[in-house]
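Me: Can you walk me through this one? I'd like to start with a single residue and then look at what surrounds it.

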Amino acid sequence: MEIDRNSASSSERTSRKDQWILELKQKVSVLQKKFQAEDDEERQWMIQRCNQPELIELLREMTVTMLHVVDAVGRLEPVNGITISKQFGIPKGSVSKITKRLVDKQILHMENLPDNKKEIIFTLTPAGREIFKLHGALHEQMDLGISLFLRRYSEDELRFLNRSMQDTIDASWVNFEDSEVPSLIQGETGELCLPEDQLKTEGVPLSVFGSETEEIERILSMLRRLDSPSLKRAEAILTDVFFTEFDE
């Protein structure tokens, strides 16, 4: 009977642990939606602190990546597109499209170097300078808010949060390191261990197991090296480059 009680207790602990894991996975999904919603909240914060109607209209039309490009130019001006791309991790093609739009909206000024007509450099216009200042004030407000939010936790809790964050950054959701976690792929043919309907239930994208696996893993490896603000910037870049149609 002792063995049965121990077995029942172990099963109960496993059940509770699985429940906590499920809740955490659900909260991650909610957190992703919260970050997306905060893009509009941040824009509204800047609009509320702007008293120039023409700038307010520009802010309403700007994407997150456009704001990042304005911030990059404000920090480095005069600067060319290649430097913006390298310093801030924004693809060159995206920088080219966005700077063109910002020039058309008279947020950036574009000119050729006197000794190199092929190289274009960018500086902020007066309107761009005001947007740059508002964006800087926004990040100061966010840094303060994050610090005040985290102060509610004890040193031990902060230590645990840091450890959890680092573990999350280092972890792979595809190549499991825990030997107790069963592999979803078996054999050289890559046959799935779970039926397709169960994979859908678990939220596992089937394309991960196709020929794109190596490319996806390389991208995930790069993303895992980014901090939270950089991940948010990467999401905005992907949205602008692959999921936003630009006028030619």
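This is a predicted model: local features need pLDDT of at least 70, side-chain atom pairs count only at pLDDT 80 or more; totals for chains, interfaces and linings use all residues.

Me: Where is Thr 99 found?

Reply: In helix H5, residues 92–104 (helices are DSSP runs of H or I, at least four residues, and strands are runs of E, at least two, numbered from the N terminus).

Me: Buried or exposed?

Reply: Thr 99 is buried, at 4% relative accessible area; buried means under 20%, exposed over 50%, partly exposed in between, with a 1.4 Å probe and protein chains only.

Me: What does Thr 99 contact, leaving aside neighbours within four places in sequence?

Reply: Val 69, Leu 108 and Phe 122, where contact means heavy atoms within 4.5 Å.

Me: Which other residues are buried in H5?

Reply: Ser 94, Val 95, Ile 98 and Leu 102 are buried there along with Thr 99. Down the H5 axis the buried residues fall within an arc of 120 degrees, so they line one face (the arc is taken from directions from the helix axis to the C-beta atoms).

Me: Switching to the sheet, what's the strand order?

Reply: E1-E3-E2, an open sheet with antiparallel pairing; strands pair if DSSP finds at least two bridges between them. The edge strands are E1 (79–80) and E2 (108–113).

Me: How many bridges between E2 and E3?

Reply: Six, with E3 covering residues 116–124.

Key: Residues are numbered from 1 along each chain as its sequence is written. Side-chain values use heavy atoms; hydrogens and water are left out.
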